[in-house]
Amino acid sequence: MDTEGIKLFVLAAEKLNISAAGRELGLPPAVASARLAKLERAVGADLLRRSTRKVALSTEGAEFLPFAKEILAQENAAMAAMGFGNEHVSGTLRFTASSTFAQQYIVPLVPEFLEMYPGINLDLRLSDMELDLIQGSFDLALRDAVLPDSNLKARKLADDRRIFCASPEYLAKWGTPKHLDDLHSHQLVAFKSQATIALVGPKGEKEQLNLRSSQNRLIIDDGLSYKIATMEGAGVALHALWSVHQELEVGSLVQVLPDYRMDAEPAVWLVYPKSNVLTAKVRVYIDFLVARIGREPPWLNAG
């Protein structure tokens with residue numbers, strides 16, 4: 001089966017315009033129509049319904065489209081595995097990540113990646129509210145959490161830790177907690193869905209902390225605002241080390257309760273759907289982020 005014809009079909013199905021799809025591939029309209037007709041003869045069905053006014057997918061075309069995309073994905077993956085150069089990797093990569101993490105670590109690397117891979121376009125959807133990978137049709141997502149069993153595949157980008165911290169001004173006013181029970185006399189700040197968290201104490205004992213208790217005065221769903229509120233003295237908060245390591249170094253935040261850790265420490269993961277072929281564009285982006293961030297995570301190598 002002619003993969004160039006399949007590529008033309010996929011473009012035509014997306015644009016609902018055969019001539020426009022042909023132009024993108026450098027084909028005159030007559031050649032594009034002839035190539036599509038050849039593909040339709042090969043599969044034994046009309047894939048597109050043509051009229052003088054519009055083009056639409058046929059029932060058979062709609063059924064064939066996901067297989068056509070997978071054929072192209074497999075071809076790209078095979079070419080990447082065989083060592084073809086960067087110019088052969090192309091397409092739009094839809095990537096979703098925490099906006100707070102992306103601002104610090106992802107976005108500054110974007111110009112370098114685009115220069116390395118001129119055929120790839122990045123469609124970044126950044127939000128501290130987790131976007132659904134499947135429903136959003138994303139190729140790749142960054143998750144900063146304990147990764148549950150799911151219908152996703154994952155590659156670890158880097159380890160992470162959660163630490164309690166507060167501002168020096170807050171601690172001067174309220175005192176420094178030495179034990180978890182001391183937090184009953186402190187104000188707590190929670191990040192979006194944080195509720196009860198499982199902790200391991202200094203002697204290995206398991207403990208629970210309810211962040212939605214009467215001490216919780218503030219809940220925030222934006223990571224940068226969450227950090228700013230902690231720095232301005234709103235209370236004691238549980239932060240990702242990647243988010244606050246610079247503030248800890250300069251002293252605008254102070255770690256408290258250092259002997260307590262989460263029972264299941266999170267990590268930073270790059271995840272993609274199990275049902276998707278790991279395409280060349282996704283593979284090179286994962287490798288790029290691992291090389292630039294994962295080999296020496298700034299938050300684990302600070303100081």
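Me: Among contacts in the protein chain between residues at least 6 apart in sequence, what percentage join residues at least 24 apart?
Reply: The share is 73%, where contact means heavy atoms within 4.5 Å. Before we go on, this is a predicted model, in which local features need pLDDT of at least 70, side-chain atom pairs count only at pLDDT 80 or more, and totals for chains, interfaces and linings use all residues. Residues are numbered from 1 along each chain as its sequence is written, and side-chain values use heavy atoms, with hydrogens and water left out.

Me: What radius of gyration does the protein chain have, and what would a compact globule of 303 residues have?
Reply: The protein chain has 25 Å, whereas such a globule would be near 19 Å. The radius is taken over C-alpha atoms, and the globule rule is 2.2 Å times the number of residues to the power 0.38. Along the principal axes, the C-alpha atoms fill a box of roughly 80 × 35 × 35 Å.

Me: Why is the pair of Phe101 and Trp299 called edge-to-face?
Reply: Rings of Phe, Tyr and Trp (its six-membered ring) pair if their centres lie within 6.5 Å; planes under 30 degrees apart count as stacked, over 60 as edge-to-face and the rest as tilted. Phe101 and Trp299 have ring centres 5.9 Å apart and planes at 75°, so the pair is edge-to-face. Phe101 lies in helix 5 (residues 99–106) and Trp299 in the segment after helix 10, so the pair ties together parts that are 198 residues apart in sequence. Helices (H or I, at least four residues) and strands (E, at least two) are DSSP runs, numbered from the N terminus.

Me: What makes Phe101 count as buried?
Reply: Buried means under 20% relative accessible area, exposed over 50%, and partly exposed in between (1.4 Å probe, protein chains only). Phe101 has 0% relative accessibility, so Phe101 counts as buried. Trp299, at 3%, counts as buried too.

Me: How many aromatic pairs does a search of the whole structure find?
Reply: The search finds 13. One of them is formed by Phe95 and Tyr285, edge-to-face at 5.3 Å centre to centre with 80° between the planes. This pair links Phe95 in strand 3 (residues 91–97) with Tyr285 in helix 10 (residues 280–294), 190 residues apart. Phe95 and Tyr285 are both buried. Ring pairs also join Phe95, Phe113, Tyr117, Tyr285 and Phe288 into a cluster.

Me: How do you know that Arg94 lies over the face of Phe138?
Reply: A charge sits over a ring if NZ of Lys or CZ of Arg is within 6 Å of the ring centre and within 35 degrees of the ring normal. Arg94 is at 4.6 Å from the ring centre of Phe138 and lies over its face.

Me: Why is one side of strand 4 and of strand 6 left without a neighbour in the sheet?
Reply: Five strands form an open sheet in the order 4-3-5-15-6, with mixed pairing. Strand 4 (120–126) and strand 6 (152–159) stand at the edges with a single partner strand each, so one side of each has no neighbour in the sheet. Two strands pair if DSSP finds at least two bridges between them; strand 3 and strand 4 run parallel and are joined by seven bridges. Phe95 stands opposite Leu124 in strand 4.

Me: In which sense do strand 9 and strand 10 pair?
Reply: Strand 9 (residues 196–200) and strand 10 (residues 206–210) are antiparallel, over five bridges. Val200 stands opposite Lys206 in strand 10.
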